[in-house]
Amino acid sequence: MSDPIYAGVELGGTKCVVIVARGPDDVLDRTVIPTTTPEETLGAIEAALLESQSAHGFVALGIASFGPVDLDETSASYGHIVRTSKPGWSDTDVARRLERTTGVPMAFDTDVNGAALSEMRWGAGRGMQDFAYITIGTGIGVGLIVNGKPTRGFAHSELGHIRPARLPGDDFAGCCPYHGDCAEGLASGPALKARLGGRSFDDAPEDDPLWETTAWTIAQVCHMIVCAAAPRAIALGGGVMDRQPHLLDRVNQMLAESLNGYMLLPGGRDYVRPPGLGSNAGPLGAIALAMSASGQTSA
């Protein structure tokens, strides 16, 4: 018998990906849908899922969504995107709606937790039970897995919104609408553009002081993660890292300097590493969630 087929939906702030696959090396369908209004976007996702279900069938559905989202299964708003800065999307039912559409077992989590789980199955965190995935792009998101499971409390973690120690001399006010100079307000893609007066950060050479402050901020996020959860490794992805890979060495160096010998990192300068799945970590995160919904716990 062939391996089971799974469906995944990655909801992003600018685009969504519907993927049907047996695993990372056997993708049967992949559809990219622009993120517009909730009704238009979710309607297109439903149509893509139903078409793939008719063509291939699938045993479970995984949904990895931008947030914040409600992950409390006892809550009346479980599976909803809750308060978000994306216009029109606050209080949108995502998970239960797509579950009803497909009629298969469903698992729902944040996009970054999904990416972390996919990296643990097939990528940079393979074989680990404690792992973190950071994405630096339109925002800063962190997927944190402890003892094999995403961290949970009254809400999912929002580690991109910690307020880091500032690099001396950096007086940028930050651009987060909620917190100003939190990590996301200092080092996300929009923050970098604001620091450059509206210019693209692609125009900044590697020796631009911008990258010193950016690497410092990311290293401070890593410092907090290490002290709080001590994951075996941290993967650092997203659009900013894809386009500025020189940041990786700087982050590892600054993290070691920030810890100052107090905690010895496994892997040394490879502790913070690129994602093994690259830009596929997000969509495959939805497939990893679908596998968990069907009861498959190993790669």
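Modeller: What follows describes the sheet, strand by strand, and then its helices. The model is predicted, so local features need pLDDT of at least 70 and side-chain atom pairs count only at pLDDT 80 or more, while totals for chains, interfaces and linings use all residues. Residues are numbered from 1 along each chain as its sequence is written, and side-chain values use heavy atoms, with hydrogens and water left out.

The open sheet is formed by 5 strands in the order S3-S2-S1-S4-S7, with mixed pairing. Strands here are DSSP runs of E, at least two residues, and helices are runs of H or I, at least four residues, both numbered from the N terminus; two strands pair if DSSP finds at least two bridges between them. At the edges are strand S3 (26-34) and strand S7 (106-110), each pairing on one side only. From one strand to the next the twist averages 15°, where axes are lines fitted to C-alpha atoms, for helices over the stretch in contact, and angles run from 0 to 180 degrees between N-to-C directions.

Strand S4 (residues 61-65) runs parallel to S7, and 5 bridges join the two. Ile63 stands opposite Phe108 in S7.

Helix H1 (residues 38-55) packs on the sheet and touches strand S1 (6-11), strand S2 (15-23), S3 and S4; contact means heavy atoms within 4.5 Å. The direction of H1 makes about 160° with that of S3. Helix H2 (residues 95-102) lies across S1, S4 and S7, and runs at about 155° to S4.
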